[in-house]
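Please open the structure in your viewer and keep the selection tool at hand.

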Amino acid sequence: MKKRKFGLVLSSVLAASAILGACGTKDEEKPAKENESSSGESNKEKAFSVAMVTDVGGVDDKSFNQSAWEGVQTYGKEHSLEKGDGGFDYLQSKTDADYETNLNNLLRRDFDLVYGIGFMMADAVDAVASENPEKHFALIDAEVKADNVVNVLFKEQEGAFLAGVAAAKMSKSGKIGFVGGVDIPVINRFEAGFFEGAKAVNPDIEIQSKYTGAFDKADLGKITANSMYSSGVDVIFHAAGATGNGVFSEAKERKKKDPKANVWVIGVDADQYEEGKVDDKTNVTLTSMLKGVNKAVIDISNKAKNGEFPGGKTLTYGLAEDGVKLADSRGSIPEDVQKVIDEYKEKIAKGEIKVPEKVKK
């Protein structure tokens with residue numbers, strides 16, 4: 001009897017030990033799995049997403065917005081991101097009434113950094129940024145006083161000065177033209193630099209200037225260019241976004257009708273060589289005044305990703321910072337003229353020449 005009781009007690013003890021041992025094993029395994037999961041998550045880098053809102057010129061304006069979008073795409077590819085939520089994207093504005101709506105839509109999609117492209121978006125960025133102080137914004141071509149906004153400006157007048165030198169030196173009629181979009185400070189800087197550069201190499205040059213009042217009306221650009229070319233102008237510099245596409249259309253039509261016609265266009269913001277293509281042998285693009293919007297977008301996006309977002313600051317890019325320059329002319333500008341352009345470029349970059357931001361009247 002005693003042996004039987006002892007055996008039952010021993011069995012109970014062994015069974016209890018087995019149960020406790022099993023419980024202990026499971027409890028010990030759980031922290032290990034949790035630690036493993038935690039380690040895996042810490043090794044996986046969180047994507048820093050970037051998006052932009054265009055102005056009315058559209059993302060394919062062959063100019064300003066397109067350059068910004070190229071910068072966003074390059075940043076995305078560098079960090080193995082995909083287009084869409086959690087990666088990179090854009091929203092296009094058809095009218096200025098879309099600006100705030102588009103900015104807020106990107107915030108709701110939880111993008112880490114949102115760009116407003118163009119001077120016309122200043123009020124919208126100001127309003128949305130003040131309502132969302134924890135979010136980061138970048139504004140191109142205008143300034144907003146807010147700690148969560150970085151402003152990006154360019155010394156367009158410096159690059160436009162070189163465009164003016166090229167136009168005046170290449171003109172055979174002694175008449176050149178400037179076609180602007182909306183009459184705002186950034187476009188005024190293009191106009192002022194163009195005038196200064198042209199007058200620097202030919203004080204007697206005749207310069208016609210016209211603002212179309214729009215960045216998205218190619219028909220207005222074409223009408224304006226037609227009037228200028230018909231009056232004897234042979235080189236037109238445009239700073240009009242998609243409106244400038246009409247300037248190219250008019251120049252190409254004239255070149256097709258008369259292959260010997262001396263008609264040129266100087267593009268803006270991006271290299272617009274392809275826009276001036278008449279055929280495989282003929283092109284009306286003399287050069288383009290490049291504005292490093294794409295480079296600025298990449299630079300600021302990477303700064304923000306690395307925790308170095310320059311909020312509350314205004315970053316300005318000029319010739320000295322390689323923020324503006326002329327595109328390769330593909331042989332359209334002869335060496336002697338290019339030499340003159342390069343000499344002025346060096347003087348401006350060194351600060352020996354200060355280019356005004358408004359046309360002197």
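**Before selecting**

This is a predicted model, in which local features need pLDDT of at least 70 and side-chain atom pairs count only at pLDDT 80 or more, while totals for chains, interfaces and linings use all residues. Residues are numbered from 1 along each chain as its sequence is written, and side-chain values use heavy atoms, with hydrogens and water left out.

**The whole protein**

Display the cartoon: the protein has ten helices and twelve strands. These are DSSP runs numbered from the N terminus, helices being H or I of at least four residues and strands E of at least two. Of the 361 residues, 50% are buried, where buried means under 20% relative accessible area (exposed is over 50%, partly exposed in between; 1.4 Å probe, protein chains only). Among contacts (heavy atoms within 4.5 Å) with a separation of 6 or more, 69% join residues 24 or more positions apart.

**The nonpolar cores**

Select Leu113, Tyr115, Phe190 and Phe237, which touch the most other members of the largest nonpolar core, a set of 66 residues. Such a core consists of buried Ala, Val, Leu, Ile, Met, Phe, Trp, Tyr and Cys residues joined through side-chain atoms within 4.5 Å. Helix H5 gives the most to this core, with nine residues. Apart from it lies another core, of 21 residues, including Leu103, Ala122, Ala142 and Val149. Return to Phe237 and show its surroundings: beyond four places in sequence, its contacts include Ala160, Phe178, Phe190, Ile266 and Met289.

**Ser49**

Move to the loop between helix H1 (2-43) and strand S1 (50-53), where Ser49 is placed. Is Ser49 buried or exposed? Ser49 counts as buried because its relative accessibility is 4%. Not counting residues up to four places away in sequence, Ser49 touches Gly86, Gly87, Asp110, Phe111, Asp112 and Leu113.

**Ala327**

Next, select Ala327, in the loop between strand S12 (324-326) and helix H10. With a relative accessible area of 10%, Ala327 is buried. Its contacts beyond four places in sequence are Asp271, Thr287, Ser288 and Leu290. Draw a distance from Ala327 to Asp269: their C-alpha atoms are separated by 9.8 Å, although the two residues are 58 residues apart along the chain.

**The cavity**

On a 1 Å grid over the protein atoms alone, a cavity is a set of points where a 1.4 Å probe fits but cannot get out, whereas a pocket is an open set with protein on both sides within 12 Å along at least five of seven lines; lining residues have an atom within 4 Å of a point. The volume of the largest cavity is about 190 Å³, taken as the space filled by probe spheres set on the points, which are joined across faces, edges and corners. The largest share of its lining, three residues, comes from helix H6.

**The pocket**

Finally, select Lys155, Glu158, Ile348, Gly351 and Lys354, which lie nearest the centre of the largest pocket, among 13 lining residues. Helix H5 (156-170) and helix H10 (335-349) are the elements that give two or more residues to this lining. The largest pocket holds about 150 Å³ of space.
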